[in-house]
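Trainee: I have some labels to check. Can we go through the ring contacts?

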Amino acid sequence: MNSTVLIITYYWPPAGGPGVQRWLKFVKYLSEFGIEPIVYCPENPNYPIMDESLVNEIPNNITILKQPINEPYGLASLFSKGSAKKISSGVIPKAKKQSFIEKAMLYVRGNYFIPDARKNWVTPSVSYLSEYIKKHQIETIITTGPPHSLHLIGLQLKAKLGVKWLADFRDPWTTIGYHKDLKLTDSSKAKHLDLEQKVLNTADQIVVTSNHTKNEFKTKTKQPISVITNGYDTHKVRVEGKDAQFSLSHIGSLLSERNPMVLWNVLSEIIKENKDFSEVFKLQLIGVVSDDVVESIHENGLKNHVDVVGYVSHDEALQFQMKSQLLLLIEIDSEDTKAIIAGKVFEYLISETPILAIGPKDSDVEQIITSTNTGTYFNYQQKAELKTQILDYFEAFQNNNLQVNAIGLQPYSRKALTKKLSEIIKDS
């Protein structure tokens, strides 16, 4: 007989972006390993990105529970709809470029909504789920964040009912990069740390997406911690062939701090020095792109070579990955971001397109790309090496020999990762 697990998540189709796909894929495969998932999510969420195509991936036979949520973004949009949408989607302008309204929004968000803007969903969710869990005799619950307020639902249900609780961290909590941008007071910082400690030391099992996060959390709790990365899934998307141009494509958000000046400088130099490159090079940005990044690209003379596509559906993103000549992966040059492994990394791995990655030295992403032989990785100080590699890729493109020979990808398949999760659920 299959066991039942209750999954408490904010992001669920038709939400778009990487946050939704982790648990959508787990739900897809859990029943194959003897676990029946029940999903609890908001009835009226304020998703900054929508992707209706993901609705088609929800299994037909699962129970989905929904309850209303009261979020502040509707009120914030009365003052500035554009700023509210940008901030809710993670696009935080550089401090010197923030308007008074944006500064006020960030201060209010950081200090009056702890741990985040979904905090008002905690109490009604605990009330509703307490009755549901008792009625249906559910023994195991899973919370996934961010938003980390959902872990507070788990914290209270654990105290109230004694259920087994697995807390899944798709990103770190107090060490995530944008945390520094929220204009937190000392009191607010202390509240975040206190809540983080309570969650990490009360959950029966912690799941994280990277080894760096595991090592960080090991200094904060004695509870068992497992690494289950994001992954790739099988799909039916097909393309007729690669782009005729030498296309370098970035899929996903390029926020203000994720702005690789070293790359824009290198591309500018190559365009000036190499006529053949200049005639066929195209930079494609698919997803949310901050004004700061676009401005930097234009300042480096790349305006005629860039195409800011904007957000596209998941299937369209897969097509871009498969058609492009190169895939660009960018992470902020920071100690905090060594733990970040964007969900798109794993789809990049199976795209049969070489990856050009730039990020902090010794990151988890560097280890994955190197071990799977799927591309090249550079830190921000390796300008000369980066330039040489791009020219090598271009030469291979000219010779019709630009390809990738990936190895060791199977452990990152969504089905293999779900099997690992099922074993943790059964053992906890």
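Predicted model: local features only at pLDDT ≥ 70, side-chain atom pairs only at ≥ 80, totals over all residues.

Trainee: How many aromatic pairs does the structure hold?

Mentor: There are 16 aromatic pairs. One of them joins F246 and F397.

Trainee: Why is the pair of F246 and F397 called tilted?

Mentor: Rings of Phe, Tyr and Trp (its six-membered ring) pair if their centres lie within 6.5 Å; planes under 30 degrees apart are stacked, over 60 edge-to-face, the rest tilted. Here the centres are 5.2 Å apart and the planes 45° apart. So the pair counts, and it is tilted.

Trainee: What does this pair tie together?

Mentor: F246 lies in strand β8 (residues 246–251) and F397 in helix α15 (residues 383–398), so the pair ties together parts 151 residues apart in sequence. Helices (H or I, at least four residues) and strands (E, at least two) are DSSP runs, numbered from the N terminus.

Trainee: Why is F346 called buried?

Mentor: Buried means under 20% relative accessible area, exposed over 50%, partly exposed in between (1.4 Å probe, protein chains only). F346 has 0%, so F346 is buried. Y412 has 14%, so Y412 is buried too.

Terms used
Residues numbered from 1 in each chain as written. Heavy atoms only, no water.
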